[in-house]
Amino acid sequence: MSRVEKVASLLKKEIALIIQRTLNDKRIGFISITDVKVSKDLHHAKVKYSQLGGDKEETKRGLSSAMNA
């Protein structure tokens, strides 16, 4: 497993824990982190998630708000 793959795997786990334990935004429904792609220089990451129920646009706004906080 390459360094980039290890970092992506760790980010996936940590992001899921942060969402589960610390975000109290009612707009964010039940989501699962499905994939994390990290750039080779480790400066950027794209996080994909799936959502079960709830309003997708509200969840997107809630996550965006949490990311900018």
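Predicted model: local features only at pLDDT ≥ 70, side-chain atom pairs only at ≥ 80, totals over all residues.

Me: Let's begin with the core. Which residues make up the largest nonpolar core?

Reply: The general idea is that nonpolar side chains tend to be buried together in soluble globular proteins. Here the largest nonpolar core has 8 residues: A8, I19, I28, I31, I33, V36, V38 and L63.

Me: Which elements give two or more residues to this core?

Reply: Those are α1, running over 3–22, and β1, running over 30–38. The most comes from β1, which puts in 4 residues.

Me: Let me zoom in on one of them. What is V38 in contact with, once its neighbours within four places in sequence are left aside?

Reply: V38 has V4, V7, A8 and L11 as contacts, and also H44 and A45.

Me: Now the strands. In what sense do β1 and β2 pair, and over how many bridges?

Reply: A handy idea for any regular strand is that side chains alternate between the two faces of the sheet. In this model, β1 pairs with β2 (residues 45–52) in the antiparallel sense, over 8 bridges. For a landmark, find I33: the residue opposite I33 is Y49 in β2.

Me: And the piece that joins the strands? Which residue takes a positive phi there?

Reply: That's L42, with a phi near 65°. The hairpin of β1 and β2 has 6 residues between the strands.

Me: Next, charges. How many salt bridges does the structure hold?

Reply: The idea is that side chains of opposite charge can pair when their charged atoms come close. This structure holds 4 salt bridges. Among them is the one where D25 and R27 meet, at 2.7 Å from N to O. Another joins K37 to D35, with 3.7 Å from N to O. R61 and E58 also form one, at 2.5 Å from N to O.

Me: Where do R61 and E58 lie?

Reply: Both are in helix α2, residues 56–67. R61 and E58 are 3 residues apart there, about one turn of the helix.

Me: Why does K37 count as exposed, but D35 as partly exposed?

Reply: Exposed means over 50% relative accessible area, and partly exposed lies between that and 20%. K37 has 52%, so K37 is exposed. D35 has 26%, so D35 is partly exposed. R61 is partly exposed at 42%, and E58 is partly exposed at 28%.

Me: Back to helix α2, where T59 lies. Is T59 buried or exposed?

Reply: T59 is buried, because its relative accessible area is 1% and the cut-off for buried is under 20%.

Me: What does T59 touch, not counting residues up to four places away in sequence?

Reply: T59 touches R27, I28, G29 and I31, along with Y49 and Q51. You've already met I28 and I31 in the largest nonpolar core, and Y49 opposite I33.

Me: One more, for contrast. Where does R21 lie, and is R21 buried or exposed?

Reply: R21 lies in helix α1. R21 is exposed, because its relative accessible area is 64%.

Me: How far apart are R21 and G54 in sequence and in space?

Reply: In sequence R21 and G54 are 33 residues apart, and in space 19 Å apart, C-alpha to C-alpha.

Definitions and conventions: Residues numbered from 1 in each chain as written. Heavy atoms only, no water. Core = buried A, V, L, I, M, F, W, Y, C linked by side-chain atoms within 4.5 Å. Buried < 20%, exposed > 50% of the residue type's maximum accessible area, 1.4 Å probe, protein only. Contact = heavy atoms within 4.5 Å. Salt bridge = Lys/Arg side-chain N within 4 Å of Asp/Glu carboxyl O. Pairing = 2+ DSSP bridges.
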